[in-house]
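Visitor: I have a structure open and would like to learn how to read its features. Could you take me through a few?

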Amino acid sequence: MGVAEQFTESHTPLRIQVRKFDPAATDSAPKYFFDNDPFKTHFMNALSILFPEGERFFIRSVLAYRDQISDPKLLKEIKEFCAQEAQHTLVHEAMNELAARHGYPVAALEGLVRRDLRRFSKRGVKHASARRAALAMTVCVEHLTAILAYQVLTNASATMQGLDPAVQALFKWHALEETEHKGVAFDVYQATGGSPFFLRFAMVLSSFFFLLGLFINLTVLLYKDGSLWKWSTWKSGLQFTFGPRQGFLTRPFRDWLAFFKPGFHPWKQHRDLDIDNHAGQLGAYIA
Ligand SMILES: [Fe+2]
Ligand SMILES: [Fe+2]
């Protein structure tokens, strides 16, 4: 697929579909829903706690540029992007409720993300540079979610084995929709004249803050659990996240690096993924 470094139209090669996932699906998941393992469970909780406010921020950041888009296909995809992210927000909030019911300080952790990202968006209303930075950060974190999504969908034996079926379905649903809309924020950034060099700089910062947020959430959840200082927690946890071949965060490293190549576009990666097949497996959980 030839994608030029600068363009003004959509490069999404498929139709983005908005599916409604049953928010009550994870209600009966056990406290340690991932392999009865505190680290793996709280790794997923830590991610889920980042999502609702993060996705509201992505919606605000993309909508701030809607008026500058002329391609009708891209305008329609912006709508679908927002509708998908709004659904993810609702369903992850329901999942986070489950952790809150088990006594974890979910509201406080979500509050931290909310405070920082709302402040960022507010600055964007007044200052064009902050508006551009918010969109660049959205493009970058959308790339992070797309490459993690690819792992969830294609490497289930390492990323999902032992995960409660309802939580697994939730993450798979989210992963396939992240794949469908992975080019939207990128296309908006390019169509509105965003600099490719600034985007690369933003990727380094965004990755740092994404991992920092994940680490803070994970540490607080494990501390509250009484598992933070146990060697057994970290032994399984480090293998799960940083294992040299199958680690949740190490395996997508090459996909992350690809972002820095000249002429990169999200749809130059992973075009082999059979989204319809994955969507078909979610049947019972789609409301
Ligand atoms: Fe999402
Ligand atoms: Fe997304």
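Guide: Let's start in a loop: His270 sits in the one between α10 (253–258) and α11 (275–280). Helices here are DSSP runs of H or I, at least four residues long, and strands are E runs of at least two, numbered from the N terminus. This is a predicted model, where local features need pLDDT of at least 70, side-chain atom pairs count only at pLDDT 80 or more, and totals for chains, interfaces and linings use all residues. Residues are numbered from 1 along each chain as its sequence is written, with chains lettered from A and ligands numbered from 1 in the order in which they are written.

Visitor: What is the phi of His270?

Guide: Most residues other than glycine have a negative phi. His270, though not a glycine, has a positive phi of about 55°. Asp35 is another non-glycine with a positive value, near 60°, and it lies in the segment before α1.

Visitor: Is His270 buried, exposed or partly exposed?

Guide: Count the other C-beta atoms, placed from the backbone, within 10 Å of the residue's own: 20 or more is buried, 12 or fewer is exposed, and anything in between is partly exposed. His270 has 16 such neighbours, so it is partly exposed. Asp35 also gets the partly exposed label, because its count is 16.

Visitor: How many residues does α4 have, and how far does it reach?

Guide: The expected span of a helix is 1.5 Å times one less than its number of residues. Helix α4 (residues 128–154) has 27 residues and runs 39 Å from first C-alpha to last, close to the expected 39 Å. Of those 27 residues, 23 are buried, so the rest of the structure largely encloses α4.

Visitor: At what angle do α4 and α8 cross?

Guide: Axes are lines fitted to C-alpha atoms, for helices over the stretch in contact, and angles between N-to-C directions run from 0 to 180 degrees. The α4 and α8 axes cross at roughly 65° and come within 8 Å. As for handedness, a crossing is left-handed if the near helix is turned anticlockwise from the far one by less than a right angle, and right-handed if clockwise. α4 passes α8 in a right-handed crossing. Among the residues making the contact are Ala136, Met137 and Leu144 of α4 and Phe198, Leu199 and Ala202 of α8.

Visitor: Which residues does Ala136 touch, leaving aside its neighbours within four places in sequence?

Guide: Two residues are in contact if their C-beta atoms, placed from the backbone, lie within 7 Å. With those neighbours set aside, Ala136 contacts Tyr189, Gly194, Phe198, Leu199 and Ala202. Ala136 and Phe198 are 62 residues apart in sequence, yet 7.8 Å apart C-alpha to C-alpha. Ala136 counts as buried because it has 23 C-beta neighbours inside 10 Å.

Visitor: Where does α1 meet α8, and how do they pack?

Guide: Helix α1 (residues 38–63) and helix α8 (residues 196–225) have axes 8 Å apart, at an angle of about 130°. Angles under 35 degrees are roughly parallel, over 145 roughly antiparallel, 65 to 115 roughly perpendicular, and the rest oblique. α1 and α8 are therefore oblique to each other. The residues that meet include Phe39, Phe43 and Leu47 in α1 and Leu214, Leu218 and Leu221 in α8. The contact divides into eleven nonpolar, four polar and one charged, where Ala, Val, Leu, Ile, Met, Phe, Trp, Tyr, Cys and Pro count as nonpolar, Asp, Glu, Lys and Arg as charged, and the others, Gly among them, as polar.
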